[in-house]
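Open the model in your viewer and keep the selection tool at hand. The tour goes from one stop to the next, with a short note on what to find at each.

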Amino acid sequence: MITRGLWTTTVGSFPKPPHLEKARQAHARGELTAERLFAMEREETVKVIRQQEEVGLDILVDGELYRGDMTTYFAERMPGFAISNPVRSYGNRYYRKPIAVGPIRRDKEQTVSWWQFAQAQTSKPIKGMLTGPYTMMDWSFNEHYPTREAMAMDLAAAVNEEALALQEAGAKFIQIDEPAVSVRPEELPLAVKALGRAVRGLTAKTITHICYGDFDVIYPALLDLPVDMIDLEMANSRYDLLEHFRAQPFTKEIGYGVLDVHSHRIESKEEVKEGIRRGLLVLRPEQMYVDPDCGLKTRTVEEAFAKLRVMVDAVREVRAELGIAVEQGATA
């Protein structure tokens with residue numbers, strides 16, 4: 001009997017409820033105190049954790065409701081960065097792009113207190129969530145460093161300090177997201193080097209998330225990324241990556257995306273089960289952590305949890321088919 005595998009989790013972000021978005025805007029205009037906003041963010045974080053427990057996920061996240069953009073949040077908390085006026089990221093979405101104006105370093109905790117607060121709400125593991133050094137470098141303006149590598153490696157040292165602090169606090173899973181890796185294949189060796197520096201000294205399970213890029217070019221070199229697990233979008237690309245895995249086996253654990261986070265449509269349970277079964281033709285159950293393709297922040301709260309309920313129900317049925325008896329092995 002198989003006793004491990006097909007754990008359920010999410011990539012990281014959850015949608016902010018409308019009243020919290022309005023509160024953040026009011027704070028930016030000086031109409032709401034930082035203390036009141038902080039209290040609201042904590043209240044909504046507890047709700048997100050309770051909702052994840054109700055859905056039945058094995059590994060939880062804090063939802064990142066206290067963050068804006070995944071790069072700007074960290075840049076605002078590190079000496080060496082300034083912040084630009086809003087720039088377009090895609091569609092009608094904008095973010096305030098970081099600008100490297102001096103040596104970048106970490107001089108205070110960035111996520112540890114939030115992780116501790118979230119973990120205190122549940123007996124299930126909460127992932128530590130960081131943005132990776134290569135992505136931080138690539139998604140920032142550089143007005144200080146002589147090369148992209150120099151900037152990435154300073155960022156890697158800073159990320160490493162935060163990751164070690166999360167580990168010291170008790171985090172068993174530490175995810176360092178590197179979505180930019182898939183769009184500049186020629187710089188994959190730099191991303192590998194920077195991520196290696198970022199995970200130095202970690203004994204927690206290390207994860208990186210990558211999505212929506214040119215995997216035809218970067219696979220199997222992608223496996224050089226020095227982490228235990230690589231989280232990949234699978235559903236949006238119609239599971240085409242599985243053909244690469246047949247030709248060159250996927251040797252790490254995988255975050256196996258089965259929900260299209262850019263679609264309002266709620267997937268059917270049979271659709272998700274079929275996606276999982278296709279993966280099991282080339283992957284072992286104990287390799288697979290089933291999750292959405294990417295963060296859920298672009299969906300409504302209702303859509304996000306409707307999708308997750310379908311996913312968890314589908315996984316439970318596939319587990320039963322395989323005789324997987326232990327559902328909480330993710331904490332081991």
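This is a predicted model: local features need pLDDT of at least 70, side-chain atom pairs count only at pLDDT 80 or more; totals for chains, interfaces and linings use all residues.

**The whole chain**

Zoom out to show the chain as a cartoon. Its secondary structure comes to 11 helices and 10 strands. The radius of gyration is 19 Å, close to the 20 Å that the globule rule gives for 332 residues, so the chain is as compact as a globular protein of that length. Taken along the principal axes, the C-alpha atoms fill a box of roughly 55 × 45 × 40 Å. Of the 332 residues, 56% are buried. Among contacts between residues at least 6 apart in sequence, 75% join residues at least 24 apart.

**Helix α4**

Select residues 112–119, which form helix α4. Six of the eight residues are buried, so the helix is largely enclosed by the rest of the structure. The buried ones are Val112, Trp114, Trp115, Phe117, Ala118 and Gln119.

**The largest cavity**

How many cavities of 30 Å³ or more does the structure hold? There are three. The largest cavity has about 60 Å³ of space. To find the largest cavity, select its lining: Phe74, Met78, Gln110, Leu130, Thr131, Met136, Leu155, Ala158 and Val159. Two elements, β4 (128–131) and α6 (148–169), each give two or more residues to this lining. The largest share, three residues, comes from α6. By class, the lining has seven nonpolar residues, two polar and no charged.

**The nonpolar cores**

Next, select Leu232 and Phe245. In the largest nonpolar core, which has 96 residues, these two touch the most other members. Helix α11 (residues 301–322) supplies the largest share of this core, nine residues. A second, separate core has six residues, among them Ile59, Phe173, Ile207 and Met229.

Return to leucine 232 and show what surrounds it. Leaving aside neighbours within four places in sequence, leucine 232 is in contact with Ile210, Phe215, Leu222, Leu241, Phe245, Phe250, Ile254, Gly255, Tyr256 and Gly257.

**Two loops**

Select tyrosine 219 and proline 220. A cis peptide bond joins them, with omega about 10 degrees. Proline 220 belongs to the loop between α8 (215–218) and β8 (229–232).

Now move to arginine 238, in the loop between β8 and α9 (241–247). Arginine 238 is not a glycine, yet it has a positive phi of about 60 degrees. Is arginine 238 buried or exposed? Arginine 238 is exposed, with a relative accessible area of 59%.

**The second largest pocket**

For the last stop, select Ala235, Asn236, Tyr239, Val258, Asp260, Ser263, Arg265, Glu267 and Glu271, which line the second largest pocket. About 160 Å³ of space lies in this pocket. Its lining has three nonpolar, two polar and four charged residues.

Technical notes: Residues are numbered from 1 along each chain as its sequence is written. Side-chain values use heavy atoms; hydrogens and water are left out. On a 1 Å grid over the protein atoms alone, a cavity is a set of points where a 1.4 Å probe fits but cannot get out, and a pocket is an open set with protein on both sides within 12 Å along at least five of seven lines; lining residues have an atom within 4 Å of a point. Grid points are joined across faces, edges and corners, and a volume is the space filled by probe spheres set on the points. Ala, Val, Leu, Ile, Met, Phe, Trp, Tyr, Cys and Pro count as nonpolar, Asp, Glu, Lys and Arg as charged, and the others, Gly among them, as polar. A nonpolar core is a set of buried Ala, Val, Leu, Ile, Met, Phe, Trp, Tyr and Cys residues joined through side-chain atoms within 4.5 Å. Buried means under 20% relative accessible area, exposed over 50%, partly exposed in between (1.4 Å probe, protein chains only). Helices (H or I, at least four residues) and strands (E, at least two) are DSSP runs, numbered from the N terminus. Contact means heavy atoms within 4.5 Å. The radius of gyration is taken over C-alpha atoms; the globule rule is 2.2 Å times the number of residues to the power 0.38.
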